[in-house]
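Here are my notes for your first read of this model. Keep the structure open while you go through the points.

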Amino acid sequence: MEPGNTGYKLPGPGMTFDTTIKFSGSGSLRYNFGPECYPDSSAQSACGGYTDRTFPATDTFYRRVYVRLSAGFTVSDVFTKMFRSNTNDPSPNGGASNWWALGCCGQFIFGVGNQNVPEPGRTTNNPSTFSIPTNRWVCLETQEQMNTPGVANGISRAWADGVLILNKTDVKFRQTGYRLPDAILNMENAQFPALLAIV
């Protein structure tokens with residue numbers, strides 16, 4: 001972790017700081033999936049952990065993380081969440097949530113599920129062209145850019161080790177009538193599948 005990037009409240013015992021396996025800096029955030037996480041049907045209620053980080057509202061958000069999945073890591077039969085960003089939309093539907101995750105059914109394909117997109121109550125799944133390998137570090141970078149309200153021109157992009165793997169430029173995060181500063185990105189939520197170094 002880079003200097004000064006501290007203060008995360010980590011839910012234990014599953015999520016810990018690890019100083020033995022790291023991409024750079026003094027350590028990484030480690031999430032251990034214990035026996036309570038399997039079978040997958042029980043994982044929703046018995047397993048999980050996250051840490052939130054808020055930041056000043058913006059209409060364009062970039063993220064870079066280094067991820068290492070342990071050898072033998074298993075993907076959920078639903079999907080394995082990695083991190084999420086939210087909008088600060090005050091309307092009853094809660095705005096958009098962008099769930100970056102590994103694909104379902106044992107697949108290691110990285111992608112994003114845009115919740116309440118293109119309209120409240122719907123989720124649009126956008127898989128990338130990249131499957132995350134196990135037992136090595138991968139640099140994942142993402143970009144989310146809000147749309148003009150009511151126009152499908154928002155952006156969800158992702159890169160793996162510097163190579164563009166997802167490029168959606170027609171995302172409708174906000175409906176007609178949303179105003180700035182409503183429904184702009186202001187929170188990141190990290191849900192770790194193995195080892196993650198936030199930079």
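1. Start with the surface. The accessible surface of the protein comes to about 9,500 Å². Carbon and sulfur atoms account for 53% of that surface. Bear in mind that this is a predicted model.

2. Next, the interior. The protein has 199 residues, and buried residues make up 46% of them.

3. Now the elements. The protein contains one helix and 13 strands. Read from the N terminus, the order is β-β-α-β-β-β-β-β-β-β-β-β-β-β.

4. Look at the contacts too. Take those between residues at least 6 apart in sequence: 59% of them join residues at least 24 apart.

5. On to the rings. The structure holds five aromatic pairs. One of them is formed by phenylalanine 83 and phenylalanine 110. This pair is tilted, with 6.2 Å centre to centre and 55 degrees between the planes. Phenylalanine 83 sits in strand S5 (residues 80–87) and phenylalanine 110 in strand S7 (residues 109–115), so the pair ties together parts 27 residues apart in sequence. Are these two residues buried or exposed? Both phenylalanine 83 and phenylalanine 110 are buried.

6. Phenylalanine 110 also pairs with tryptophan 100. Why is this pair stacked? The ring centres are 5.4 Å apart and the planes meet at 25 degrees; stacked pairs need planes under 30 degrees apart, so this pair counts as stacked. Tryptophan 100 belongs to strand S6 (residues 97–102) and phenylalanine 110 to strand S7, 10 residues apart, and the pair links these distant parts of the chain. Tryptophan 100 is buried, as is phenylalanine 110.

7. Last, a cluster. Phe23, Tyr66 and Trp137 are linked into one by ring pairs.

Key
Residues numbered from 1 in each chain as written. Predicted model: local features only at pLDDT ≥ 70, side-chain atom pairs only at ≥ 80, totals over all residues. Heavy atoms only, no water. Phe/Tyr/Trp six-rings, centres within 6.5 Å; stacked < 30°, edge-to-face > 60°. Helix = DSSP H or I, 4+ residues; strand = E, 2+ residues; numbered from the N terminus. Buried < 20%, exposed > 50% of the residue type's maximum accessible area, 1.4 Å probe, protein only. Contact = heavy atoms within 4.5 Å. Areas by Shrake-Rupley, 256 points an atom, 1.4 Å probe, with all protein chains shown as cover.
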